[in-house]
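Hi everyone, thanks for making time for this.

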Amino acid sequence: MGLRFLHASDIHLLDLTGVGPLRYFNKRATGGLNLLLGRRKRHDEDRFDALVEASRRLGVDRLVLTGDLTNLALESEFEHVARRLSSLPLPVTVIPGNHDTYTRGSARARRFERYLGGFMEGERLSDAPYPFVQDYGDVALVGVSSAVPTRPLWATGRVGPDQLTRLAEVLRRLRGEGKMRVVLIHHPVMEGVARPRHELVDLDAFGRVIAQEGAELVLHGHEHKVVRGHIEGPEGPVPVHGISSGTAVAAAAPYAAGFTVYEIEGGTMRSELHLWQDTDFARADARLAVSPVAAP
Ligand SMILES: [Fe+2]
Ligand SMILES: [Fe+2]
């Protein structure tokens with residue numbers, strides 16, 4: 001059994017119903033307010049509707065979202081996201097992004113896991129929520145969290161040594177079972193892709209785990225642009241694909257709203273990039289004007 005899924009990211013759905021201004025002023029007036037004002041112009045939830053419609057048209061089995069589903073990790077935003085995802089006509093897998101743990105309080109309360117845990121069901125090595133493994137026959141999705149609260153205006157990520165140890169073991173086991181391993185992580189894992197203060201701080205340690213245990217594909221979001229490249233694996237390069245924001249209003253590739261459809265079956269993998277063009281998503285592999293990022 002293979003899997004045909006749609007990878008999208010950074011949908012940043014906004015819902016401030018019932019949220020008083022104090023709620024975000026008390027956290028970070030700088031980040032919070034600017035972010036909300038700017039985001040209304042940069043993201044359009046109608047594109048998420050179009051993305052869902054495209055997933056139906058393209059006959060995908062599953063929607064995979066690699067984090068930043070909210071903006072300020074407010075309860076109203078999570079309620080909105082949970083409601084939207086539960087009402088979709090196809091199953092969904094999610095992992096958190098830095099915006100989903102925007103405040104220390106939201107991380108401490110495990111708000112993401114509390115509202116969206118139903119989309120992260122799977123096998124785990126221990127009680128720790130990450131990594132989780134969803135088994136689809138030939139294919140295993142491995143959900144990693146790099147989401148941590150950060151200082152104002154920072155957007156760094158961290159997997160942490162304990163989760164990396166578990167990730168190594170999970171990847172080793174899945175390789176033994178002959179699975180195609182698709183690792184999901186919010187932050188870019190190739191050197192030089194993330195902007196300053198947006199990086200995965202333990203990128204090198206993550207790279208060492210992949211170099212040793214391997215993976216068949218790594219998918220990420222966070223920089224709101226399409227990225228194609230690879231990192232080192234034990235038997236050759238491991239492809240790394242980043243996707244733009246699924247709700248971006250930006251018009252030009254690689255920043256236009258986008259998603260990639262993957263079809264993985266019997267040891268083979270095909271991918272199709274779709275980007276927003278005028279009024280809808282359209283096949284866009286040729287529109288990708290970025291050159292692939294070389295492995296470090
Ligand atoms: Fe984002
Ligand atoms: Fe992000």
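Let me begin with a question: which residues does His-222 touch, not counting residues up to four places away in sequence? Keep that in mind while I give you some background. What you see is a predicted model. The protein has 7 helices and 12 strands, and 48% of its 296 residues count as buried.

Now, back to the question. His-222 touches Asp-10, Asp-68, Gly-97, His-186, His-187, Pro-188, Ala-194 and His-198. You can find His-222 in the loop that runs between β7 (217-220) and β8 (227-233). Is His-222 buried or exposed? It counts as buried, because there are 31 C-beta neighbours inside 10 Å. For the protein overall, if we take contacts between residues at least 6 apart in sequence, 71% join residues at least 24 apart.

Next, please look at helix α6, residues 161-176. With 16 residues at 1.5 Å a residue, α6 should span 22 Å, and its end C-alpha atoms are 23 Å apart, which agrees. Which residues of α6 are buried? They are Gln-163, Arg-166, Leu-167, Val-170, Leu-171 and Leu-174. These residues cover an arc of only 135° around the axis, so they sit on the same side of α6. Their cover includes β4 (132-136), β5 (139-143), β6 (180-184) and α7 (203-213). Just after α6 comes Gly-178, with a positive phi of about 75°.

Let's finish with helix α2, residues 45-57. Its 13 residues should span 18 Å at 1.5 Å a residue, and the end C-alpha atoms are 19 Å apart, which agrees. Here the buried residues are Arg-47, Phe-48, Leu-51, Val-52 and Ser-55. Looking down the axis of α2, we see them fall within an arc of 150°, so they line one face of the helix. And what covers them? Among the elements that do are β1 (3-8), β2 (62-66), β10 (258-265), β11 (268-277) and β12 (280-283). On the other side of α2, Asp-46, Asp-49, Arg-56 and Arg-57 are exposed. After α2 comes Gly-59, whose phi is positive, near 65°.

Terms used: Residues numbered from 1 in each chain as written. Chains lettered and ligands numbered in written order. Predicted model: local features only at pLDDT ≥ 70, side-chain atom pairs only at ≥ 80, totals over all residues. Helix = DSSP H or I, 4+ residues; strand = E, 2+ residues; numbered from the N terminus. Buried ≥ 20, exposed ≤ 12 C-beta atoms within 10 Å, placed from the backbone. Contact = placed C-beta atoms within 7 Å. Expected span 1.5 Å × (residues − 1). Arc of directions from axis to C-beta.
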